[in-house]
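This report describes a two-chain protein model for a reader working from coordinates. Overall dimensions come before the contact between the chains and individual residues.

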Amino acid sequence: MADLVCIVCPKGCRLHVDEENGDAVTGNACPRGAEYARAETRRPTRVMTSTVRLTGGRYCRCPIKTDAPVPKGKIMDIMEQLNGVELQAPVTIGQVVIPNVADTGANIVVTRNL
Amino acid sequence: MQDLIVIGGGPAGLAAAYAAYRKGLRDILIVERDRELGGILNQCIHNGFGLHRFKEELTGPEYADRFIRMLSDTNVHVMLDTMVLGITQGREVRVISAARGYETLSAKSIVLAMGCRERTRGAIAIPGDRPAGIFTAGTAQRYLNMEGYMVGRRVVILGSGDIGLIMARRMTLEGAKVLACVELMPYSGGLMRNIVQCLQDWDIPLYLSHTITNIVATEGRVSHVTVQKLGENNAPLAGSEIEFDCDTVLLSVGLIPENELTRDAGIRIDPRTNGAIVYENMETSAPGVFACGNVVHVHDLVDYVSAESERAGAAAAQYVLAGGPEGAADQPERATVELVNGDGIGYTVPQKIRVENVAKAADLFFRVRRLYGESVVEVTDGDAVIAAYRRSQMAPGEMEHILLTKAQLDRITGNTVTVTAKEA
């Protein structure tokens, strides 16, 4: 039995996962909530966002994200890897910065045109 | 003479301008004081934007880019680096910029989309020293995400607004130790999902019904804060002191709609929202002047800002296409229903509805004043219940939205209706 708050959207549904009963999820207002609850109890993941160094642009930082959720436990490893990254302007939204980051299958991509 | 001048190029202004263009206006100008469009979205690098509007999860800059791209396919004109100094009810707009100096512009309609700013330490009077190391959360967010400055290493956050929660996670990712998030109220001011993914994910304790009662400086920088539990009437309880050694305090203690222009123009303000009083189409007390987004009331979600602003932009277009002030003068006076806040309701937007102007349904946004479990929201006209909505829970930190259909509105006989929240 696990009670959690859904973070898929800002609605914040109170979810209940019944492990005794094939991980049946209740309290979700949409199918994504059920999916989140099962993933959260087995292998929690998050989309991670941060910035990397940028030269030659309007700002000295460029925002990035993982283009898919990554395991929570790998987030700090990924932050570590981002420290070594330096981009040269211009950069465009969706441009891949690190493919398959930390072996997660997700790419680090640029989230702003600079 | 412009058809429409939009003041502010953040999410509200962008959506309003685009909607007005879609409705057929062609002389549209956005005036923006920053050197780029997008407003606060540019520093909100986290994800979670756009789930309603675009059915995907975007970051702030990506969400802004969607609207900027939509506008780039139009002839909407943008003045950057330009400050609006004043507006008049006759729809003159006085602006100043380094490039063009002082100018007086005029428009058939105006959309106010100036957004809001953060409450500062001065607004909440924290005792103690006045050293470096105290930032509003949004300022720290801009420093970190755009300018590339790490503002501190050991952080205490006062207030549990969404920006503070987002910054708790952000500072942690960048290697800072966030020692505590301290909230005066017995509940969080931010969204539940941010409590989970920004505090609980990183084991950051949330102290409800607590506040900072002293800030101590060493050599001009924050070195220590005292946190205390609050008793009756929010009086700090002796003996409840928790001491934190820290170099930084972030304040996430509320947002203030930025309405100097609105007030100076003599447009009526609602003391509950600190924003303009608006009708169902986001028109203010000045005909042809509309307002939308955080300058009207502080939203939790940019998606709702966009939706509200699209209504304001569309209404401005309709006003201009119907002949502007001359056209409006020919219209018969419309009966107005005023929304009265009953038990548990902090405010409503709009505050007034002209029923005849509503085509299908009127959007109604409100916040409750305390936590509610299973509850019902009622809209009543005297003893008659016009509409009722069930909720499994409500909190002041989460804006509520209901729709009043034309059929429901047509049943109103008086000139006020009361919105009430009560336990089911």
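How much accessible surface does chain B have, and what share of it belongs to carbon and sulfur atoms? The accessible surface of chain B is about 17100 Å², and 49% of this belongs to carbon and sulfur atoms. Accessible areas follow the Shrake-Rupley method with a 1.4 Å probe, and for residues only the protein chains shown count as cover.

## Basis of the model

This is a predicted model, in which local features need pLDDT of at least 70 and side-chain atom pairs count only at pLDDT 80 or more, while totals for chains, interfaces and linings use all residues. Residues are numbered from 1 along each chain as its sequence is written, chains are lettered from A and ligands numbered from 1 in the order in which they are written, and side-chain values use heavy atoms, with hydrogens and water left out.

## Chain B

Chain B contains 10 helices and 29 strands; helices (H or I, at least four residues) and strands (E, at least two) are DSSP runs numbered from the N terminus. For 424 residues, a compact globule would have a radius of gyration near 22 Å, and the 23 Å of chain B agrees with this. The radius is taken over C-alpha atoms, and the globule rule is 2.2 Å times the number of residues to the power 0.38. Along the principal axes, the C-alpha atoms of chain B fill a box of roughly 70 × 60 × 40 Å.

Of the 424 residues in chain B, 59% are buried. Here buried means under 20% relative accessible area, exposed over 50%, and partly exposed in between (1.4 Å probe, protein chains only). Among contacts in chain B with a separation of 6 or more, 62% involve residues 24 or more positions apart; a contact means heavy atoms within 4.5 Å. The 42 positive and 52 negative charges of chain B have mean positions 2 Å apart. Lys and Arg count as positive and Asp and Glu as negative, without His or the chain ends, and each charge is placed at NZ of Lys, CZ of Arg, CG of Asp or CD of Glu.

## Chain A

Chain A has two helices and 10 strands, in the order β-β-β-α-β-β-β-β-α-β-β-β from the N terminus on. A compact globule of 114 residues would have a radius of gyration near 13 Å, but the value for chain A is 17 Å. Its C-alpha atoms fill a box of roughly 55 × 25 × 15 Å along the principal axes.

Buried residues account for 50% of the 114 residues in chain A. In chain A, the mean positions of the 14 positive and 12 negative charges lie 10 Å apart.

## The contact between the chains

The size of an interface is often given as the accessible area lost when the parts come together. Chain B and chain A bury about 2800 Å² between them, 54% of it on carbon and sulfur atoms. On the chain B side, E62(B), L173(B) and R193(B) lose the most area to chain A, together 18% of what that side buries. Buried area is the accessible area (1.4 Å probe) that two parts lose on being put together, summed over both. The contact involves 32 residues from chain B and 29 residues from chain A.

R193(B) is also one of the buried residues of α6(B). In this helix (residues 192–199), seven of the eight residues are buried. Their cover includes β1 (2–5) and β4 (45–46) of chain A, along with β3 (47–49), α5 (162–173), β12 (177–183) and β13 (206–208) of chain B.

## Individual residues

V95(B) belongs to strand β7 (residues 92–97) of chain B and counts as buried because its relative accessibility is 0%. Leaving aside residues up to four places away in sequence, V95(B) touches several residues, including V31(B), M83(B), L85(B), Y102(B) and L105(B).

Most residues other than glycine have a negative phi, and most peptide bonds are trans. N274(B), however, has a positive phi near 60 degrees and is partly exposed at 32% relative accessible area. M282(B) has a positive phi of about 70 degrees, lies in the loop between β20 and β21 (289–291) of chain B, and is buried at 0% relative accessibility. Cis peptide bonds join A89(A) to P90(A) and V349(B) to P350(B). P90(A) is in the loop between β8 (86–88) and β9 (96–98) of chain A, whereas P350(B) is in the loop between β23 (345–349) and β24 (352–353) of chain B.
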